[in-house]
Amino acid sequence: MTGMEISLSVVVMLVVLALAFDFMNGFHDAANSIATIVSTGVLKPQHAVLWAAAFNFIALFIFHLKVATTIGKGTIDPGIVDQYVIFGALVGAIAWNIITWYFGIPSSSSHALIGGLVGAGLAKSGPDSLIWAGIGKTVAFIFISPILGFFLGAILMVLVSWICFRATPLAVDNWFRRLQLLSAGLYSLGHGGNDAQKTIGIIWLLLIAAGYSTPQEDVPMWVVFACYFTIALGTMLGGWRIVKTMGQRITKLKPVGGFCAETGGAMMLFFASALGIPVSTTHTITGSIVGVGAARKFSSVRWGVAGGIVWAWILTIPASATIAAFFFWIGEHLF
């Protein structure tokens, strides 16, 4: 596939589709950033989404593009990428996001995109088109990120309980209402830094396939800016169906618990972004919330709700891959 074989109009259409996925990512995953701070009453929903969106965009100036490189060059062989692969991958990811948003299921936009690339790549060239090392890291962190989030959230909750042992409940509540603004900002920073780069990676992959860039060149700045701006816009408009599931149905949260969950989740996201691993912000914050609840009282966690979420995690990659493979075939007959 040479660049001349993908027309400019098709490239523009696919870039718009990629930005639509980026918007949906922010919209779908807004709950991850704001659920705890809204559910604890620290900020009103309309203020919380503005706070989260601002930090989503600020991440542009902090994180290197390691996750974008993993998506662009570490998931499927760039040599097999064409407009049909990109179309199938994006539609597969967007379709799964819409399905899970509609039912209020906090699934992973990140893994929906990975699944979309895998499904479209398999439909195009079979298993040899997959880069198993990159996919293996992503699949491993389906389990690692919530486990680390669980332990970080639980450890922080225990530490805070020791430190504030002699403080009155009212004093603790007042302090952590202020501190939760910081922790929510840090989590949103990690969300933007990891998730916006996934769309950057897929647009870069498209530009390389179309001949507008090469793997040796840096990602064009307009792509970076557009993706961070779009995910922030999606977060600002918010996916309210998922907020209740994340904020209160798993376990009841107070400001101190919200602070510990967000801080533990942010630490996990910063760590993964530094390694260039595309992780799920949904998995991470869910693990942290469960860890905080379990640290307070094991029975305070609604394990049935948590178990239902885990099933959505397991299904995300195969489901989005199946949809992507189907739309790869549709794309071949459309353009």
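A residue is called buried when its relative accessible area is under 20%, exposed when this is over 50%, and partly exposed in between, with a 1.4 Å probe and protein chains only. By this scale, Asp 173 is partly exposed, at a relative accessible area of 23%. The model is predicted, so local features need pLDDT of at least 70 and side-chain atom pairs count only at pLDDT 80 or more, while totals for chains, interfaces and linings use all residues. Residues are numbered from 1 along each chain as its sequence is written, and side-chain values use heavy atoms, leaving out hydrogens and water.

Asp 173 pairs with Arg 177 at 3.0 Å, N to O. Both residues belong to helix α7, four residues apart, about one turn of the helix; helices are DSSP runs (H or I, at least four residues) numbered from the N terminus. Why can such neighbours face each other? An α-helix has 3.6 residues a turn, so residues three or four places apart point the same way. Arg 177 counts as partly exposed, at 29% relative accessibility.

Helix α7 also holds Lys 198 and Asp 195, three residues apart. Their side chains form a salt bridge of 2.5 Å, N to O, and both residues are buried.

The salt bridge between Lys 124 and Asp 82 is 3.1 Å, N to O. Lys 124 lies in helix α5 and Asp 82 in the loop between α3 and α4 (83–102), so this pair ties together parts that are 42 residues apart in sequence. Lys 124 is partly exposed at 32% relative accessibility, whereas Asp 82 is buried at 3%.

Finally, the lining of the largest pocket divides into ten nonpolar, two polar and four charged residues. Here Ala, Val, Leu, Ile, Met, Phe, Trp, Tyr, Cys and Pro count as nonpolar, Asp, Glu, Lys and Arg as charged, and the others, Gly among them, as polar.

Conventions. Salt bridge = Lys/Arg side-chain N within 4 Å of Asp/Glu carboxyl O. Helix = DSSP H or I, 4+ residues; strand = E, 2+ residues; numbered from the N terminus.
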